[in-house]
Amino acid sequence: MSSFELSAGAEGSSVILHVPHSARETPAEVRAGIVLDDVALERELDHIVDAHTAELAERAARLSRVVPWRFVNRLSRLVVDPERFPDGREEMLAVGMGAVYTRTTHREVLRPDDTDPGPLLTRYFHPYARAMTDAVAERLEATGRAVVIDVHSYPSAPLPYELHGEGPRPPVCLGTDPFHTPPGLLAAAREVFGEVGLNSPFSGTYVPLEFYGRDPRVSALMVEIRRDTYMTEPGGPAGPGLDRLAQALAALVDSLG
């Protein structure tokens, strides 16, 4: 299977809903390098997966007047995390959670410390990055701009791996970038989601490196939804909050034209 899926939206839409952390699938050859037993692995997935966010993006797309594009990671972030820097710039390396994780959410061993990340980066990370770069370039070509809305979730209580877990944990955390998050995009998100916070407990946005810090036509916003507002934690079913969030996300898409 492909590690990602691009679902086409309207040709005139500049919006890409990016869902990088919703999947639990781990190919057998990757599973072989993870030291957790099956029970512990399922428990780790319960904690690390942004459950139901792919469904949230799909529902929002159906509700939108102009259908956005959707780029969805179909493999677990335990394979690779496509949103990490693949080099020493990544601050999560401090807790063993760079592009290829060696530690769990509870800072236990996931892979041996001497694991070579190269093969996983080559097989999964770089093709994903190229495809996302192409998706953004296509929106720029078609509409003159691209808006990447990152759809995430986070636990109501901090987990040991979090580097900035001591701050506020609002119902919706908006992650911003000083170059790629214009005031109008942030204001629109505040309007539709209501009670929000900024950059706590997670900050920043995802922009393909070819455009990052270089092309102001690419806008980006990270939407981090606290899990107790729409699902049973950890890893449980979605509740009625998912419908409300889908309506809010669709309203954000519609506001962007």
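How much space lies in the largest pocket? About 870 Å³, and I'd like to start our tour there.

A quick word on the model, everyone. It is a predicted model, where local features need pLDDT of at least 70, side-chain atom pairs count only at pLDDT 80 or more, and totals for chains, interfaces and linings use all residues. Residues are numbered from 1 along each chain as its sequence is written, and side-chain values use heavy atoms, with hydrogens and water left out.

Back to the pocket. Points are joined across faces, edges and corners, and a volume is the space filled by probe spheres set on them.

The largest pocket is lined by 40 residues, and E83, R84, E90, S203 and T205 are the closest to its centre. At least two lining residues come from each of α2 (38–48), α4 (118–143), β4 (146–154) and β7 (218–226); these labels are DSSP runs numbered from the N terminus, helices being H or I with at least four residues and strands E with at least two. By class, the lining has 19 nonpolar, 10 polar and 11 charged residues. Here Ala, Val, Leu, Ile, Met, Phe, Trp, Tyr, Cys and Pro count as nonpolar, Asp, Glu, Lys and Arg as charged, and the others, Gly among them, as polar.

The second largest pocket has a volume of about 150 Å³. Its lining includes F85, P86, D87 and L121, and splits into 7 nonpolar, 3 polar and 2 charged residues.

What about cavities? The whole structure holds 1 cavity of 30 Å³ or more. The largest cavity comes to about 40 Å³, with Y124 and Y128 among the residues that line it.

Now, helix packing. Two packed helices are described by the angle between their axes and the distance between the axes. Axes are lines fitted to C-alpha atoms, for helices over the stretch in contact, and angles run from 0 to 180 degrees between N-to-C directions.

Helix α5 (residues 183–193) packs on helix α6 (residues 241–255) at about 150 degrees, with the axes 9 Å apart. That makes the pair roughly antiparallel; the scheme is under 35 degrees for roughly parallel, over 145 for roughly antiparallel, 65 to 115 for roughly perpendicular, and oblique for the rest. In this contact (heavy atoms within 4.5 Å), α5 brings L185, A188, A189, V192 and F193. The class count is 10 nonpolar, 1 polar and no charged residues.

Helix α3 (residues 53–63) also packs with α6, at about 55 degrees and with axes 8 Å apart, so α3 and α6 are oblique to each other. Among the contact residues are E55 and R59 of α3 and D243 and D254 of α6, and the classes are 9 nonpolar, 1 polar and 4 charged.

Last, some backbone details. S200 and P201 are joined by a cis peptide bond, omega about 10 degrees, with P201 in the loop between β6 (196–198) and β7. The bond from E233 to P234 is also cis, omega near -15 degrees, and P234 sits in the loop between β7 and α6.

Key: On a 1 Å grid over the protein atoms alone, a cavity is a set of points where a 1.4 Å probe fits but cannot get out, and a pocket is an open set with protein on both sides within 12 Å along at least five of seven lines; lining residues have an atom within 4 Å of a point.
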